[in-house]
Amino acid sequence: MGLLDGTICIKMGCFNCCLETEMPLTDEDIRRIVSLGYKPKDFTVFRGGLWRLRNIDGRCVFLGEDGMCKIYEHRPIGCRLYPLIEIDGRCVVDAEYCPYAYMISEEEVKRFCRDVIQLNRLLEILKEDSTYRELRFLRK
Ligand code: SF4
């Protein structure tokens with residue numbers, strides 16, 4: 001049982017991180033979700049140089065009425081890594097917003113912090129990439 005595999009969130013009935021989400025999406029995230037039959041305009045907004053998850057009435061478009069993610073197996077990489085985030089080049093646990101952040105194990109932090117840093121490097125690159133910005137990678 002861990003925080004990053006979602007078992008604690010499900011057990012506690014918590015979906016705080018799916019409310020008013022600003023989760024950025026990589027090109028692979030968008031491609032994967034589109035392959036499920038969703039259209040980009042239905043689940044994305046472009047803000048701060050990145051495509052991000054869209055909210056409807058303050059809830060992520062993929063958050064079901066039951067508090068479960070409708071695309072859990074295919075959710076964005078940032079959702080998989082949360083509550084690990086990068087601040088000032090360091091991987092930290094977002095204890096301010098995630099009420100169960102204290103339950104993350106040292107093993108999870110060790111195992112996934114590198115992915116958080118890598119994700120943020122990729123997002124910096126994507127910000128400068130017109131193929132990403134214009135969603136041209138979906139036409140390939
Ligand atoms: S994609 Fe799923 S896990 Fe990510 S914010 Fe939306 S509902 Fe939550």
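This is a predicted model: local features need pLDDT of at least 70, side-chain atom pairs count only at pLDDT 80 or more; totals for chains, interfaces and linings use all residues.
**Figure 1. Ile104, in the loop between β6 and α5.** Ile104 is buried, because 20 other C-beta atoms lie within 10 Å, and a residue counts as buried at 20 or more. Beyond its neighbours within four places in sequence, Ile104 is in contact with Leu3, Pro83, Val93 and Val109. Between Ile104 and Leu126, which are 22 residues apart in sequence, the C-alpha to C-alpha distance is 29 Å.

**Figure 2. The cis peptide bond between Tyr82 and Pro83.** The peptide bond that joins Tyr82 and Pro83 is cis, with omega about 15 degrees. Pro83 is placed in the loop between α4 and β5 (84–87). Among the contacts of Ile104, when neighbours within four places in sequence are left aside, is Pro83.

**Figure 3. Ile85 in strand β5.** Ile85 counts as partly exposed, because 18 C-beta neighbours lie inside 10 Å. With neighbours within four places in sequence left aside, the residues in contact with Ile85 are Val92, Asp94 and Val116. Ile85 and Leu119 are 34 residues apart along the chain, and their C-alpha atoms are separated by 9.8 Å.

**Figure 4. Asp88, a residue with positive phi between β5 and β6.** Asp88 is found in the loop between β5 and β6 (90–93). Although Asp88 is not a glycine, its phi is positive, at about 50 degrees. Asp88 is exposed, because 5 other C-beta atoms lie within 10 Å.

**Figure 5. Leu135, in the segment after α6.** Helix α6 comprises residues 130–133, and Leu135 lies in the segment that follows. The phi of Leu135 is positive, about 60 degrees, although the residue is not a glycine. With 17 C-beta neighbours inside 10 Å, Leu135 counts as partly exposed.

**Figure 6. The buried side of helix α2.** In helix α2 (residues 27–34), the buried residues are Asp29, Ile30 and Ile33. They cover an arc of only 95 degrees around the axis and therefore lie on the same side of α2. The elements that cover these buried residues include α3 (40–43), β1 (44–47), β2 (50–53) and α4 (77–81).

**Figure 7. Arg32 in helix α2.** Arg32 is partly exposed, because 18 other C-beta atoms lie within 10 Å. Arg32 and Arg75 are 43 residues apart along the chain, with their C-alpha atoms separated by 8.7 Å. Arg75 is also one of the residues around the ligand.

**Figure 8. The residues around the ligand.** The shell consists of Cys18, Thr21, Met23, Leu53, Cys60, Phe62, Leu63, Cys69, Ile71, Arg75, Pro76 and Cys79. By class, ten of these residues are nonpolar, one is polar and one is charged.

**Figure 9. Cys18, a buried residue of the ligand shell.** Cys18 lies in the loop between α1 (7–12) and α2. Cys18 counts as buried, because 23 C-beta neighbours lie inside 10 Å. Leaving aside neighbours within four places in sequence, the contacts of Cys18 are Arg59, Cys60, Leu63 and Cys69. Among these contacts, Cys60, Leu63 and Cys69 are also found around the ligand. Cys18 and Glu106 are 88 residues apart in sequence, and the C-alpha to C-alpha distance between them is 24 Å.

Definitions and conventions. Residues are numbered from 1 along each chain as its sequence is written. A residue is near a molecule or strand if its C-beta atom, placed from the backbone, lies within 6 Å of it. Ala, Val, Leu, Ile, Met, Phe, Trp, Tyr, Cys and Pro count as nonpolar, Asp, Glu, Lys and Arg as charged, and the others, Gly among them, as polar. A residue is buried if 20 or more other C-beta atoms lie within 10 Å of its own, exposed if 12 or fewer, and partly exposed in between; C-beta atoms are placed from the backbone. Helices (H or I, at least four residues) and strands (E, at least two) are DSSP runs, numbered from the N terminus. The arc is that of the directions from the helix axis to the C-beta atoms. Two residues are in contact if their C-beta atoms, placed from the backbone, lie within 7 Å.
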